[in-house]
Amino acid sequence: MRHLAGFVLAIVLAVAIFFGATWGYLRLLRVPVVNGAAATLPAAGGSLLHQRNVLLAFAALAGVGLLAGICVAVPRISPLAAGLPGLGLLAWTVIYLVNVGRAVRYIPLKADAFGDGFEAMLINGVLAAAGLAMIVPLFIPSRWRRTALPVYLEPGEDLTAQPGTGSSVLLTSDWGNQTAPIQQQPGDQPPDPWS
């Protein structure tokens with residue numbers, strides 16, 4: 001069930017990248033030009049906090065980046081959520097490296113701002129960098145397993161079997177069977193570690 005939810009999140013993330021990130025990237029890439037003059041710095045070198053277009057574009061990029069970061073970093077989310085769109089971005093980059101014309105021709109909504117933004121991100125290598133970061137969870141083995149709830153044992157209980165049930169207890173530690181620390185009474189000397 002967790003991987004099915006990860007697959008749905010992968011579709012959501014891919015759509016967010018194509019529509020949100022590409023639109024925001026294209027808006028930030030195109031510096032507004034006043035009266036056809038050559039652009040040097042956005043907002044004439046002043047503050048960008050009052051530029052509505054810049055703030056909207058930055059918000060779109062930040063939102064998609066936050067969604068991608070959550071999918072990459074949260075251990076309870078399936079690695080498919082970030083890995084599948086990351087593999088798609090890397091595959092598109094490989095197609096671009098092999099045949100530029102074919103990679104650009106296959107971009108959907110090419111006549112729209114989304115297609116232009118996707119092309120700009122592809123040409124500038126942003127899609128390759130994002131794809132490399134997004135496939136990292138695919139190579140972490142613990143992300144493929146469901147996290148088990150911790151098992152609390154009473155002092156003296158066996159770590160491997162529940163009494164009377166014959167079933168094994170799932171240990172959540174990667175260190176294997178560990179013994180509980182020795183309970184000391186007040187006034188006892190600590191054990192000598194070198195003996």
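Biologist: Which helix is Leu-13 found in?
Modeller: This is a predicted model, so take everything here as computed. The chain has six helices and zero strands, and the elements run α-α-α-α-α-α from the N terminus on. Leu-13 is found in helix H1.

Biologist: Is Leu-13 buried or exposed?
Modeller: Leaving out residues up to four places away in sequence, Leu-13 touches Val-64, Leu-67, Ala-68, Cys-71, Ala-81, Ala-82, Pro-85 and Met-134. Its relative accessible area is 0%, and the cut-off for burial is under 20%. So Leu-13 counts as buried.

Biologist: How many Å apart in space are Leu-13 and Ala-81, C-alpha to C-alpha?
Modeller: Ala-81 is among the residues that Leu-13 touches. In sequence the two are 68 residues apart. In space, C-alpha to C-alpha, the separation of Leu-13 and Ala-81 is 7.5 Å.

Biologist: How far does H3 reach from its first C-alpha to its last?
Modeller: H3 covers residues 80-98, which is 19 residues. At 1.5 Å a residue you'd expect 27 Å, and the model comes close to that. The reach of H3 is 26 Å.

Biologist: What covers the buried residues of H3?
Modeller: The buried residues in H3 include Leu-80, Gly-83, Leu-89 and Tyr-96. Their cover includes helices H1 (2-29), H2 (52-73), H4 (100-105), H5 (113-123) and H6 (126-134).

Biologist: Is H3 roughly parallel or roughly perpendicular to H5?
Modeller: The axes of H3 and H5 lie 10 Å apart, and the helices pack at an angle of about 75 degrees. Angles of 65 to 115 degrees fall in one class, which makes H3 and H5 roughly perpendicular.

Biologist: And by class, how many charged residues are in the contact of H3 with H5?
Modeller: On the H3 side, Leu-89, Trp-92, Thr-93 and Tyr-96 meet Phe-118, Leu-122 and Ile-123 in H5. By class there are six nonpolar residues and one polar residue.

Key: Residues are numbered from 1 along each chain as its sequence is written. This is a predicted model: local features need pLDDT of at least 70, side-chain atom pairs count only at pLDDT 80 or more; totals for chains, interfaces and linings use all residues. Side-chain values use heavy atoms; hydrogens and water are left out. Helices (H or I, at least four residues) and strands (E, at least two) are DSSP runs, numbered from the N terminus. The expected span of a helix is 1.5 Å times one less than its number of residues. Buried means under 20% relative accessible area, exposed over 50%, partly exposed in between (1.4 Å probe, protein chains only). Contact means heavy atoms within 4.5 Å. Axes are lines fitted to C-alpha atoms, for helices over the stretch in contact, and angles run from 0 to 180 degrees between N-to-C directions. Angles under 35 degrees count as roughly parallel, over 145 as roughly antiparallel, 65 to 115 as roughly perpendicular and the rest as oblique. Ala, Val, Leu, Ile, Met, Phe, Trp, Tyr, Cys and Pro count as nonpolar, Asp, Glu, Lys and Arg as charged, and the others, Gly among them, as polar.
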